[in-house]
Amino acid sequence: LAARSAWTHSASTSDSAGKGNGRMQMQDDPTLERSFRGHKGSVNSAVFNPNMKQLVSVSQDGCLMIWNFKPQLRAFRFADHKGPVLSVAVSPTGGIIASGSKDRTVRLWAPNISKGRSTVIKAHTGGVRCVAFSP
């Protein structure tokens, strides 16, 4: 599998007689909405952009990819890390993406304005397994 897929499901709080009992019951199995292919290694992390129009994934191949949900829009690949990328986070505004790598760096991306370039933060003595933004 090259990248995470988007899944949807239906849920209801009705019992078999149609009366609401307050318990969550699954009525339908999840369905595959779309599959994304492009990474050359296993996917380590994936997050939705807050605008819900994109999915961002990182992989063992050292790349960060931005996937657009509209099929006519292409995906973007960013490959500045020198090792597997372990984690990814998108800022609450969606304008900045952070990625953490086994190469001991955090990279900050502004894909709309940076044309694929990133700012690198070299302060770790080991791989960066988690990145996050505060609200």
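Predicted model: local features only at pLDDT ≥ 70, side-chain atom pairs only at ≥ 80, totals over all residues.
**Overall content**

The chain has 135 residues, of which 37% count as buried. Its secondary structure consists of one helix and twelve strands. Along the sequence the order is β-β-β-β-β-β-β-β-β-β-β-α-β. Among the contacts in the chain with a separation of 6 or more, 41% are between residues 24 or more positions apart.

An open sheet is formed by four strands, ordered S9-S10-S11-S12, with antiparallel pairing. Strand S9 (85–90) and strand S12 (118–121) are the edge strands, each pairing on one side only. On average, neighbouring strands of this sheet are turned by 20 degrees against each other, direction ignored. Strands of a sheet pair through backbone hydrogen bonds, in a parallel or an antiparallel arrangement.

S9 and S10 run antiparallel and are joined by five bridges. The two strands form a hairpin with six residues between them. In this turn, Gly94 has a positive phi of about 85 degrees. Across the pairing, Ala89 stands opposite Ala98 in S10.

On the other pairing, strand S10 (residues 97–101) and strand S11 (residues 106–109) are antiparallel and joined by four bridges. This is also a hairpin, with four residues between S10 and S11. Arg104 in the turn has a positive phi of about 75 degrees. Ala98 stands opposite Leu108 in S11, and the bridge partner of Ile97 in S11 is Trp109.

Ala98 therefore has a residue opposite it in each of two strands: Ala89 and, in S11, Leu108, as the pairing of strands is defined by bridges between them.

**Burial of S10**

Is S10 buried or exposed? Five of the five residues of S10 are buried, so the strand is largely enclosed by the rest of the structure. Ile97, Ser99 and Ser101 point one way from S10, while Ala98 and Gly100 point the other way. Both groups of side chains are buried. In a regular strand, side chains alternate between the two faces of the sheet.

**Aromatic pairs**

How many aromatic pairs does a search of the whole structure find? The search finds two. Their geometry is listed below.

| Pair | Centre to centre | Angle between planes | Class |
|---|---|---|---|
| Phe48 and Phe69 | 6.0 Å | 50 degrees | tilted |
| Phe78 and Trp109 | 5.3 Å | 50 degrees | tilted |

The Phe48 and Phe69 pair links distant parts of the chain, 21 residues apart. Phe48 belongs to strand S5 (residues 43–48), and Phe69 to the loop between strand S7 (64–68) and strand S8 (76–78). Phe48 has a relative accessibility of 45% and so counts as partly exposed. Phe69, at 25% relative accessibility, also counts as partly exposed, because the cut-off for buried is under 20%.

Because Phe78 lies in strand S8 and Trp109 in strand S11, the second pair ties together parts that are 31 residues apart in sequence. Phe78 and Trp109 are both buried. Trp109 thus takes part in two of the features described here: Trp109 is the bridge partner of Ile97, and the ring of Trp109 pairs with that of Phe78.

Key:
Residues numbered from 1 in each chain as written. Heavy atoms only, no water. Axes fitted to C-alpha atoms, helices over the stretch in contact; angles between N-to-C directions. Phe/Tyr/Trp six-rings, centres within 6.5 Å; stacked < 30°, edge-to-face > 60°. Buried < 20%, exposed > 50% of the residue type's maximum accessible area, 1.4 Å probe, protein only. Contact = heavy atoms within 4.5 Å.
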